[in-house]
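Let's take a walk through this structure together, one neighbourhood at a time. Have the sequence and the 3D view ready as you read.

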Amino acid sequence: MIQNSELMKGIAPAVILKLLSGKAMYGYEIIRKINELTNGEFQWKEGALYPCLHKMENGGLLKSEWRIVSGKPRKYYALTKTGKEQVAEKVNESRTFCTALNLLLGSE
């Protein structure tokens with residue numbers, strides 16, 4: 001399991017944009033999906049996710065709306081037009097970074 005919160009902060013926007021490109025999600029749903037897709041390697045917590053969501057919303061990449069689901073209010077996040085335009089760029093940027101990092105760490 002990856003414990004370094006600084007590493008997680010760096011990749012959070014790309015991960016969130018990619019996840020939300022499929023559908024609108026609420027915070028805990030995002031956390032569950034990340035943990036599930038990484039087989040538990042990324043154990044995101046609310047304290048790390050919500051500041052990033054708020055920053056991305058303030059930056060115009062996300063929009064939010066409250067919905068009542070099973071009698072409970074949930075704040076759903078979705079991509080704005082700008083956010084949709086950023087998905088491919090941020091994902092490619094992260095992939096390029098990971099490829100370069102693998103080259104560096106794989107060399108002896």
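The charged end of Arg74 sits over the ring of Tyr26, 4.3 Å from the ring centre; a charge sits over a ring if NZ of Lys or CZ of Arg is within 6 Å of the ring centre and within 35 degrees of the ring normal. A second case involves Arg67, whose charged end lies over the ring of Tyr76 at 4.2 Å from its centre. Before going further, please note that this is a predicted model, in which local features need pLDDT of at least 70 and side-chain atom pairs count only at pLDDT 80 or more, while totals for chains, interfaces and linings use all residues. Residues are numbered from 1 along each chain as its sequence is written, and side-chain values use heavy atoms, with hydrogens and water left out.

How many aromatic pairs does the structure hold? There is 1, where pairing asks that ring centres of Phe, Tyr or Trp (its six-membered ring) lie within 6.5 Å, with planes under 30 degrees apart called stacked, over 60 edge-to-face and the rest tilted. Tyr26 and Tyr76 make this edge-to-face pair, with 5.4 Å centre to centre and 65° between the planes. Tyr26 belongs to strand 1 (residues 25–26) and Tyr76 to strand 3 (residues 72–79), so the pair links parts of the chain 50 residues apart; helices (H or I, at least four residues) and strands (E, at least two) are DSSP runs, numbered from the N terminus. Both tyrosines, Tyr26 and Tyr76, are buried, meaning under 20% relative accessible area, with exposed being over 50% and partly exposed in between (1.4 Å probe, protein chains only).

Next comes helix 2 (residues 27–37), whose buried residues are Gly27, Glu29, Ile30, Ile31, Ile34 and Asn35. These buried residues pack against helix 1 (5–20), strand 1, helix 3 (46–58) and strand 3; contact here means heavy atoms within 4.5 Å. Just after helix 2, Asn39 takes a positive phi of about 50°.

Finally, look for the salt bridges, of which the whole structure has 4; each is a side-chain nitrogen of Lys or Arg within 4 Å of a carboxyl oxygen of Asp or Glu. One of them joins Glu36 and Lys33 (3.7 Å, N to O), both in helix 2 and 3 residues apart, about one turn of the helix. Another joins Glu65 and Arg67, with the closest N and O atoms 2.8 Å apart. Arg67 counts as partly exposed because its relative accessibility is 33%.
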